[in-house]
Structure formats: structure tokens, C-alpha cells
Amino acid sequence: MASRFLRELTLRQLRALAAVHRDRSVTAAARKLHLTQPAVTLQIRNLQALAGLPLIQRTSDGMLLTDAGREVLALTERIEAAIADCSIGAVSTSKYFVPFMISGFSKLYPKVDVSLFIGNRQEIGNALRGYDLDFAIMGRPPADIDMDVRLIGDHPHVIIAPTSHRLARKSRVALSDLADETFLMREPGSGTRGLMEQLFETARVRPNIGMAMSSNETIKQAVIAGLGIAFISAHTVATELDERRLVTLDVAGLPIVRQWFVLSRKDKVLLPPARAMQEFLAERGAQFLPRTHGRVRITRPTARGKR
């Protein structure tokens, strides 16, 4: 009986029950729903037939819900909340601009509730595998999931150092010149760490690794304090570069430019709020990325140089 009830009930029936509960009147509910009174009565009658129980009762105070009706109303509220919800996952590097994306979307769709989960690349990938997210904002898509991939914009990576660093004013520094430097890096599972490891492996340079940290903020403060240098997303250091608390080293072959994408599983059913957010990010997401003009010189790799 329960499976048949859930399979055959309709959102229109549930909304009719909620409207009658709110206004205590079929007539008033019909007016709010822009339906005729017989249409609302029919929706309630069909819903009660599915439930096999009376859901409303007529009293001197108007139409009130029975105990069974209150249970169905609670189900209605959960469904309405799910319909109005959009769940986003974002790698931690993107937290510097994702709130501005959500703010821009919310101005157009103020009734949509957006939930945001921040994690490293590994954590976001696991959440996508478990169908816990509508979509994610990250770089390279997980290789083991069939994804709908939409480009947001460029994502440059640079090496940062204290403003007093010995190479701060030197041009075209070779990566091998940094072999004796102490590098502060992200934790295992981080996309930034993986990209850094790939960079040094390709150059056949073994960096001197200092502390591993799970926060870009901690890494930035440690670099400012003189504990080392770091390979990091340029989008995480825009403010510090503007304020001259950090500099980017002019290293040959940098910045490495990857891309930001909005990703969703192809077999994940997206409800209208999530689809609207996905389209918004694909069409307008680039305008919310931190500016790097004047701080980071982005050059396009040649076909030969792509990895």
C-alpha cells in the first residue's frame, strides 16, 4: 500500500492538501491555487483514496487535518523542500569565488535553497559517486564517472613567495633553480598537490617538501611568514598579491593553466533548481572568477606542450 501511495500520488494532490490546511477552506485553497473548487475537492478525494484514510475533517473551525493528514503534510513539506533545493560540491580552492556565484544566482532565483559542500578533490569525487550532490565545481573530472562537463573558465596555477624572496625580481627562473627551496604543499587527495607533483616529475626535479597543509589560507600565511614557497591556485592569492604581501615567481613554464568546470553525473536526475544553477554557471560563471590581470601572465600552451 505504501509503495502504491508513493508511486501514484501527484504534487498537485499534495499541494491541494497543503492549501486546504493553510486556509482551512476548499474555496480559499482553490482561489490561491487558481483552480476551481471541484478541482481541489477531486485532488483531495483522490489523495485520500490512495492513502486509504481520511486526511481532512470538517469542523466548526474549518477544514482541519486528521492525524494521517498531518503525516502526509509532513511528506509534502519534505518534497517541496527537495524541489526547491540545489546541492553543490566545490573543491576547497574554489571557495574564494563560489559564494559570489551563489549570490549572483540567488538574486535571480531567491526561492531556491542552495546547499554547499566544500572538500578536496577526493572528497568531492566520492560525493559525486554516492549521488550526494547535484553537481560539483572543480577541475579535471573524475575518470570513473560518466559526467556532463561544462566549462566555466581558466584556472591558473603559480608559485608564490614572500616579497623579500631572493628570486622575487628575477625573470624566467628555471624550475631547477627552486630545487633547494622548501615547498609548502596541500594534503594528499588535493588536486593542487597532484598538479604540483606532475609539474616537478615532468621537469625531473625533486622538490624539498616542508609541511603539508589542508588549507590554502594556512599555506598563504606560512609563505608570508617565510616558512617556504608554494605552488598554488592564482585564484586563492588575488588579495595578497594586490596588497603586496606575496609575489609570484616568474618561473619558466608557469603559470600552468587548467580550467574550472561545472560537473554533474549523466545519470543523475536534476530537478529544475539544480538545472537552472547549472545553466547559470555555464553561461555566467566566468564573470565571478577572481581577476588575475596585472598579476599573473596567462599564456596558452601549444598543442605540443599540452599534457
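This is a predicted model: local features need pLDDT of at least 70, side-chain atom pairs count only at pLDDT 80 or more; totals for chains, interfaces and linings use all residues.

Which residue of S5 does Gly89 stand opposite? I checked, and it's Ala136.

**Strand S5 and its partners.** I looked at how S5 pairs up. S3 and S5 run parallel, joined by three bridges. S5 also has three bridges to S11, but that pair runs antiparallel. There, Ile137 sits opposite Val262 in S11.

**The faces of S5.** Next I asked what is buried on each side. Phe135 and Ile137 are buried on one face, and Ala136 and Met138 are buried on the other, which leaves S5 covered on both.

**The largest nonpolar core.** I found 33 residues in it, and those touching the most other members are Met101, Leu128, Phe135, Ile137, Met277 and Leu281. Elements giving two or more residues include S3, S5, S11 and helix H6 (98-108). H11 gives the largest share, five residues.

I then followed Met101. Leaving aside neighbours within four places in sequence, Met101 is in contact with Ile137, Phe280 and Leu281, among others.

**Helices H3 and H4.** Last stop: H3 (residues 26-33) and H4 (residues 37-51) pack at about 105 degrees, their axes 8 Å apart. That angle falls within 65 to 115, so I noted the two as roughly perpendicular. Val26, Thr27, Ala30 and Leu33 from H3 meet Gln37, Val40 and Thr41 from H4. I sorted this contact by class and got four nonpolar, three polar and no charged residues.

Terms used. Residues are numbered from 1 along each chain as its sequence is written. Side-chain values use heavy atoms; hydrogens and water are left out. A nonpolar core is a set of buried Ala, Val, Leu, Ile, Met, Phe, Trp, Tyr and Cys residues joined through side-chain atoms within 4.5 Å. Buried means under 20% relative accessible area, exposed over 50%, partly exposed in between (1.4 Å probe, protein chains only). Helices (H or I, at least four residues) and strands (E, at least two) are DSSP runs, numbered from the N terminus. Contact means heavy atoms within 4.5 Å. Axes are lines fitted to C-alpha atoms, for helices over the stretch in contact, and angles run from 0 to 180 degrees between N-to-C directions. Angles under 35 degrees count as roughly parallel, over 145 as roughly antiparallel, 65 to 115 as roughly perpendicular and the rest as oblique. Ala, Val, Leu, Ile, Met, Phe, Trp, Tyr, Cys and Pro count as nonpolar, Asp, Glu, Lys and Arg as charged, and the others, Gly among them, as polar. Two strands pair if DSSP finds at least two bridges between them.
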